[in-house]
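Below are some brief comments on the backbone and on one helix packing. Please read them alongside the coordinates.

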Amino acid sequence: MTIDYSALLYDPVYAELGVPATLSVGTAGEVTITVIDETRPKSNINGTMEVRTTGPGAFARIPELAEKGIVRDDYQGASLTFNGRSWLVRSHELRGSPNGEDVGEVRFLLKAIESSDG
Amino acid sequence: MADVREDILARLLEVAAAVPNVRWAQRNSVDVPENLLPAVMVFDADEETTDTHNRPSNSPFIVQMTPEIVFMEQADEVGSDLTTLRREFIKGVLYDAELNNLVAKSSPRGNGAIRYLGCNTDFGWGRSQSGFLRVLFMFKYTLRPEEL
């Protein structure tokens with residue numbers, strides 16, 4: 001019997017850790033989704049130099065995105081607002097699920113919209 | 001006591017700090033928080049000589065010092081920003097009266113010199129696009145053991 005990882009794993013995790021987010025894709029308008037904030041400290045290193053910055057990111061469930069009409073080609077350049085900040089999707093990576101990548105997660109790699117100084 | 005090396009490095013930091021928009025200038029610090037960008041670091045330099053003449057060991061000799069100066073910025077247009085910082089810094093160094101005087105005074109026979117050697121860059125991502133620009137200069141001056 002196939003285990004449904006969305007029902008048994010992802011959905012309960014998102015119910016506990018997820019926060020509401022607004023995703024805006026081009027002229028298609030806004031959709032409300034649930035994301036897990038993955039913003040983390042990050043160091044950019046050059047030789048002995050180290051700039052301590054922030055690596056903004058978020059996880060979302062691909063089935064939820066698909067259900068709301070968001071396909072992979074829409075990810076790049078979309079704006080994502082959650083936890084009081086707005087970001088642009090600069091890149092993304094797929095996190096496969098044992099049931100296949102189409103029912104796994106996507107990790108959005110984000111960049112600031114407003115300013116560079118945080 | 002006169003230490004041309006130290007005088008040059010101290011003045012380099014002042015010139016780097018005076019580059020427009022620079023928010024933080026330090027010497028030999030390697031840890032920079034993003035809220036202080038754009039920042040610049042002046043690293044104490046390598047120093048070498050090719051003087052192998054057969055003469056007393058405490059005779060004056062020519063040395064070449066190559067300090068590294070690293071600019072850091074985080075912005076959407078980080079490449080343009082770094083290029084602007086580089087431009088202002090090169091102008092600041094090559095036209096700085098105090099730096100030119102330091103190398104000229106140390107080498108009254110005309111052996112002193114300041115040369116821009118070039119730069120290299122490195123980029124990554126943080127909150128925005130992040131970049132480093134490492135600028136290299138060569139300072140040629142006379143090291144006089146009797147003045148140390």
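Predicted model: local features only at pLDDT ≥ 70, side-chain atom pairs only at ≥ 80, totals over all residues.

1. In chain B, Asn28 (B:Asn28) sits in the loop between strand E1 (24-27) and E2. Its phi is near 65 degrees, a positive value in a residue other than glycine. B:Asn28 counts as exposed because it has 11 C-beta neighbours inside 10 Å, and the cut-off for exposed is 12 or fewer.

2. Chain A has a positive phi at A:Asn83, near 50 degrees, again in a residue other than glycine. A:Asn83 belongs to the loop between strand E6 (79-82) and strand E7 (85-95) of chain A. A:Asn83 is exposed, with 11 other C-beta atoms within 10 Å.

3. The peptide bond from B:Leu37 to B:Pro38 is cis, with omega near 0 degrees. Most peptide bonds are trans. B:Pro38 lies in the loop between strand E2 (31-33) and strand E3 (39-48) of chain B.

4. Which way does H1(B) run relative to H3(B), roughly parallel or roughly antiparallel? The axes of helix H1 (residues 4-17) and helix H3 (residues 97-106), both of chain B, come within 10 Å and cross at roughly 170 degrees. H1(B) is therefore roughly antiparallel to H3(B), as angles over 145 degrees count as such.

5. The contact between these helices involves B:Val4, B:Asp7, B:Ile8 and B:Arg11 from H1(B), and B:Glu98, B:Leu99, B:Leu102 and B:Ser106 from H3(B). By class, four of the residues in contact are nonpolar, one is polar and three are charged.

How values were computed
Residues numbered from 1 in each chain as written. Chains lettered and ligands numbered in written order. Axes fitted to C-alpha atoms, helices over the stretch in contact; angles between N-to-C directions. Helix = DSSP H or I, 4+ residues; strand = E, 2+ residues; numbered from the N terminus. Parallel < 35°, antiparallel > 145°, perpendicular 65-115°, else oblique. Contact = placed C-beta atoms within 7 Å. Nonpolar A, V, L, I, M, F, W, Y, C, P; charged D, E, K, R; others polar. Buried ≥ 20, exposed ≤ 12 C-beta atoms within 10 Å, placed from the backbone.
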